[in-house]
Amino acid sequence: MNEVLSIKNGSVKSFEQAYYSWSEKIYTFIFRQCNSEEIADEVVQQVFVRLWDKRANLSLEHSLNVQLFRMSRTIFIDELRRAASARRYLNELQQKKLKNFTEDNFEDKETLQLVNIAIESMPSVRKQVFLMSRVEHLSHQEIAEKLGISPKTVENHIGLALKYLRRFMLLMAFLALY
């Protein structure tokens, strides 16, 4: 409970301790549910962002781990809903592609341009980390060593970059429908 009160009062040190104590456990919990590293990473990131953003609303009646796992379940369910929605949307797009193959060849070039625009608009470090990972195929450890940051920071940057790209592309696809 003391840990909850410290975070509630804005203690960055307590927040960091909570992250190091619970992030791997939450990751494992979510990974066992979905067998997806990407979703597990996303949930862990969102849990700790939400923990910090909503720290004033933390309950002193429940331990931190209870509150963290509640958040992780809620966020996981939200991610599953988003993934299901994205799958439905992708299925609709695939059906649309079958109907008009020649136009879709043009759209694929546009999609590549949109991805490049999205990457270029990322913050510089995130962009650099993402390109080192996806273009140069460097490991998190190699990127961390080259940039002088922790592997966890590399992991966070990649997760945020992927989340940004997904949302950017879904927004562009949505706008293209109208």
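I started with H137, which is exposed at a relative accessible area of 65% (exposed is over 50%, buried under 20%, partly exposed in between, with a 1.4 Å probe and protein chains only). I found H137 in the loop between helix 6 and helix 7 (140–147); helices here are DSSP runs of H or I, at least four residues, numbered from the N terminus. Its phi is near 60°, a positive value in a residue other than glycine. Most residues other than glycine have a negative phi.

Housekeeping before I go on: this is a predicted model, so I note that local features need pLDDT of at least 70 and side-chain atom pairs count only at pLDDT 80 or more, while totals for chains, interfaces and linings use all residues. Residues are numbered from 1 along each chain as its sequence is written, and side-chain values use heavy atoms, with hydrogens and water left out.

N35 sits in the loop between helix 2 (12–34) and helix 3 (37–53). It is exposed, with 59% relative accessible area.

**Helix 2 against helix 3**

The angle between helix 2 and helix 3 is about 150°, and their axes are 8 Å apart; axes are lines fitted to C-alpha atoms over the stretch in contact, and angles run from 0 to 180 degrees between N-to-C directions. I listed the contacts (heavy atoms within 4.5 Å): helix 2 brings residues including F15, W22, I26 and F31, and helix 3 brings residues including I39, V43, V47 and W52. By class I get 18 nonpolar, one polar and two charged residues in this contact. For the record, Ala, Val, Leu, Ile, Met, Phe, Trp, Tyr, Cys and Pro count as nonpolar, Asp, Glu, Lys and Arg as charged, and the others, Gly among them, as polar.

**Salt bridges**

How many salt bridges does the structure hold? I get six, taking a salt bridge as a side-chain nitrogen of Lys or Arg within 4 Å of a carboxyl oxygen of Asp or Glu.

E38 pairs with R166, the closest N and O atoms being 2.4 Å apart. E38 is in helix 3 and R166 in helix 8 (residues 151–177), 128 residues apart. Both ends are partly exposed: E38 has 42% relative accessible area and R166 has 31%.

R166 also meets E42 in a salt bridge, at 3.5 Å from N to O. R166 lies in helix 8 and E42 in helix 3, so this pair ties together parts 124 residues apart in sequence. E42 is buried, at 4% relative accessible area. I also noted that E38, E42, K163 and R166 are linked in a network of salt bridges.

Over in helix 4 (residues 64–99), D78 and R81 are three residues apart, which means about one helical turn between them. Their salt bridge has its closest N and O atoms 3.7 Å apart. D78 is partly exposed at 24%, whereas R81 is exposed at 57%.

**R126**

Last stop was R126, in helix 6 (residues 124–134). It is buried yet has no salt bridge, and the nearest side chain of opposite charge, E42, is 10 Å away (Lys and Arg count as positive, Asp and Glu as negative; His and the chain ends are not counted). Leaving aside neighbours within four places in sequence, I find R126 in contact with H157, L160 and A161.

Key
Helices (H or I, at least four residues) and strands (E, at least two) are DSSP runs, numbered from the N terminus.
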